[in-house]
Amino acid sequence: MAMNRRDNDLQRVFTRRALLLGTAQLGLFGALIGRLYYLQVMESDKYTLLAEENRINMRLLSPRRGRVLDRFGTELASNRRNYRVMIVAEQTRNVDATLEALSKLIQVDDTQRARVKREIERRRKFVPVVVAENLSWDDFAKVNLHSPDLPGVQLDVGETRDYPYAGTFSHVVGYVGAVSETEIGDDPLLELPGFRIGKSGVEKVYDERLRGRAGHSQIEVNAYGRAIRELERHNGVPGEDIVLTIDADLQRFAQERFGEESGAGVVIDIHTGDILALVSNPGYDPNWFNVGITGPQWRQLNGDKYKPLINKAIQGQYPPGSTFKMLVGLAALEAGTMTPDTRVFCPGHMDFGNNTFHCWKKGGHGTMNMASAIEESCDVYFYEAARRTGVDKVAEMAKRLGLGEFTGIDLTGERRGLIPTRAWKQAVLGQPWAQGENLVIGIGQGYVTSTPLQLAVMTARLANGGYAVQPRIVRKDDALGPTTDPRLAAQRWPHIGLKREQLDLALEGMIRVTTPPRGTASGARITLAQYAMAGKTGSSQVRRISRLERETRVRKNEEKPWEERDHALFVAFAPISAPRYACAVIVEHGGSGAKMAAPIARDIMLEVQKLDPSRKSRTAPGPTTASGAGTPKDGG
Amino acid sequence: MAHWSSRGNDQSFGRKLRDVNWGLVLLISLIASIGFSALYSAAGGDIDPWADRQMARFAIGLVIMVMIAVTDIRIWMRFSYIVYAVGVVLLIAVELVGRIGMGAQRWLDLGVVHVQPSEIMKIALVLTLARYFHGLSYEDVGRIRWLVVPLAIVLVPVGLVIKQPDLGTAMLLLASSGAVFFFAGVRAWKFLLVIFGGGAALPVAWNFLHDYQKRRVLTFMNPEQDPLGSGYHILQSKIALGSGGFSGKGFMQGTQSHLSFLPEKQTDFIFTMYAEEHGLIGALVLIALYILLIAYGYAIALRARSQFARLLAGGLTTMLFLYVFINIAMVSGLVPVVGVPLPLVSYGGTAMMTLLVGLGLLINCYVHRDVEIPRHMSGL
């Protein structure tokens, strides 16, 4: 009995404790179920979202960038295939060996190797790392052929911007480059690695239209980031093509005509404002910026004294010199301080106050009226005209002809030039206007500066009968498109309010400039009557000629260092019979406008008339060859 | 032999086989089958490489389980100290020449098979304690001097396992041993003393933890603080569970598991994958099956006539509970990640074998429920 009782004690204790522990365990299971209910029901939405974020990766699809075309569809900026060789670390046992084998086929230097290995370290093993880009087709084919012996090597054809004409259109088209920190905005495309954005020129101004809109694809990825499958895909909108007013053939001709000279030239349709050529010489190769400019290339561009990175056609501000004289004359006519017949005697200099103002012709021109003063570019006549008219009236006329104001052209970095007034001098320099300064203004010197584009616009406004044509670089197919009726075009612009006979007097002077025997540019005239050109020479001083030099001997331009020589200018319009084209040419430190700028202008004006881009209808845009598009039909 | 004469002492083999609780075997197979389907899903819809091997092991294990169940309980009682001694020797051997896996020495390479002595010890410890306490009267159990030996029996292997280091198994051994002590009638105040004493010693114990163990505990406290480091597993497991929602993503549709966000999806985290695909509903079904299994275990323990069978069944059932609870609590972020598999479901041969041996002993307690064992048989 005693033994049984003790056994019963043990059994009773066991039973009680087993039930206790069993209940406790049931309670703990209850806690587990509570926990699962919390996670799977109450917090389910939160975790569902997190799971989706884990699983789905949004990838942006870069749209194809629009092309930049000339007015006839020639590609000035396009996209070319970018042949790349990449390496996938997980597909090769030995990265070094593969790189070594690769270096026997294409150039893979030590820095490239180090970069590749660094990137492989940083990234997941299945992410391709670029070894070499922009390979030639030959190299690419070679690697392709040997790919069985190159474990881990992956070939890829991407796209990259291409500027087939290198430096010819660099200042118009501009270039693209990697997105900088400050440029990152709302568009997620800009954060794509390797994405290119317009940095200057049309590429920059029209960047948003060229860029297009990003597409995206939703990709399911695993925990290591490897893509499993594509869930959804929205293709983006490719960028628009931008058609310029530029005639590629004319531009190339003009660029080449400048040769080794530093300078700028602008050709404009006087009725529509279409810019047919806009040259700044020397140019630079925009492809350098696209692929990433190297140190030596950058130093070369920056150190060049001809400043290839500056777009001289819109950023170069030069004293207009004698090309300003028509404008001074018109101001005087309108003010009534001069009449067409007012005569001024030129003894070769003019004394005013304590100073003597010299005419470029030492012996003097004798008696001049307005037309002959323009023809022979008599300084004394225009000293007198400006003295009588005053700076403010001259400035007012300059403004109407488009000087001292932004033309508003769709290119980057345009400068405004400077047309001084009395108020300007008082406000900016804090000094009253001196009477003597009027005289200097009369020959386009002193404070006056303008860009070549402004001078071309000025000439266009004179030649089209006084309509305030505005330059444009992107072609619009409105009524101002390829019209052959200049009157239609001219009606679109406001008139600047000059009387016809006053304008005609200025134009007569310009026609006489290219007319022998006395015209200053008669040596650079176009002899074919139907293409005859009118114009105006200009040689603007870069530095003041000192009294000492005057008294001893004025050095000839050829004797001075390049930087001190005069700028050579020429503005022109043609044909005289029915003006259509105007141009402005400047050769930096070229010396004489008649000798340096006028011949270049003549050749360009002859070429533009032969090509006659304004009168030709536009061919369908497409990859037209440069030579095919603009062959003159009526040339010769 | 006369005092062994009561019913059930001399059952025939056939009768024992009929006495095996086949309902329990069915329940075990059901849980294992859920494991097979989960392993099939974990392999992306393939029985290779996990489900097929697991099924083969289970089939073999099932036979072993039944064989263990029908072997006379007294034989197991007799061999328990020997098994324990072998277990301790193997643990020492592992300390000397063991293979390193997962940063700890756990495996012993015996040429043909790899043995994990700590697994043997899980069963051996319960067996040994059951046998020891079987020999004590209720009064003896209340005396401290009779507790010195069983404490040594527990602390020697626990110490060796901690040294490996395998904190999870050590705690499992401690807890299941504690349960046997408790069932055996060790007075409640002694447990309270040990619990409070242990709590006070925690800061000291902390210093003996390995860095990775400390990190796991710290990570457990605040997993979101380090989502890409060691907190990653817990966070991803919670995301998988939570995103599974009420009804789950569907069989083989678990994105967290199939896209590898979930670690160890075929072993320790298989519950997460299962609950991601089958939702709270599926989780409740599986938990209900486990509760049923554990209830069965207690029923067997309560029905057994000998103290040895009671303690053995009670200890094994508690161990089973601990496995299930710690695993699910771990993957749902209630306790630190300690590396305890989900019984019968997680992929792994050793754990499967241990469990089926344990369950075989549990069924054995049922088959031999009426066998009376004299107290003196406990002695050597």
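Among contacts in chain A between residues at least 6 apart in sequence, what percentage join residues at least 24 apart? The figure is 75%. Do keep in mind that this is a predicted model.

**Chain A as a whole**
- Chain A holds 24 helices and 19 strands.
- Of the 636 residues in chain A, 44% are buried.

**Where chain A touches chain B**
- Chain A supplies 34 residues to the contact, and chain B supplies 40.
- On the chain A side, the elements giving two or more residues are helix 1 (2-42) and helix 2 (44-55) of chain A.
- Helix 1 of chain A gives the most to that side, with 21 residues.
- Sorted by class, the side of chain A that touches chain B has 19 nonpolar, eight polar and seven charged residues.

**A helix pair in chain B**
- Helix 2 (residues 22-42) of chain B and helix 13 (residues 270-303) of chain B have axes that come within 10 Å and cross at roughly 165°.
- Because angles over 145 degrees count as roughly antiparallel, helix 2 of chain B is roughly antiparallel to helix 13 of chain B.
- The crossing of helix 2 of chain B and helix 13 of chain B is left-handed.
- Helix 2 of chain B makes the contact through residues including L24(B), L27(B), I31(B) and S41(B), while helix 13 of chain B uses, among others, M273(B), E277(B), L289(B) and Y296(B).
- By class, this contact has 15 nonpolar residues, one polar and one charged.

Note on methods: Residues numbered from 1 in each chain as written. Chains lettered and ligands numbered in written order. Predicted model: local features only at pLDDT ≥ 70, side-chain atom pairs only at ≥ 80, totals over all residues. Helix = DSSP H or I, 4+ residues; strand = E, 2+ residues; numbered from the N terminus. Buried ≥ 20, exposed ≤ 12 C-beta atoms within 10 Å, placed from the backbone. Contact = placed C-beta atoms within 7 Å. Axes fitted to C-alpha atoms, helices over the stretch in contact; angles between N-to-C directions. Parallel < 35°, antiparallel > 145°, perpendicular 65-115°, else oblique. Left-handed = near helix turned anticlockwise from the far one by under 90°. Nonpolar A, V, L, I, M, F, W, Y, C, P; charged D, E, K, R; others polar.
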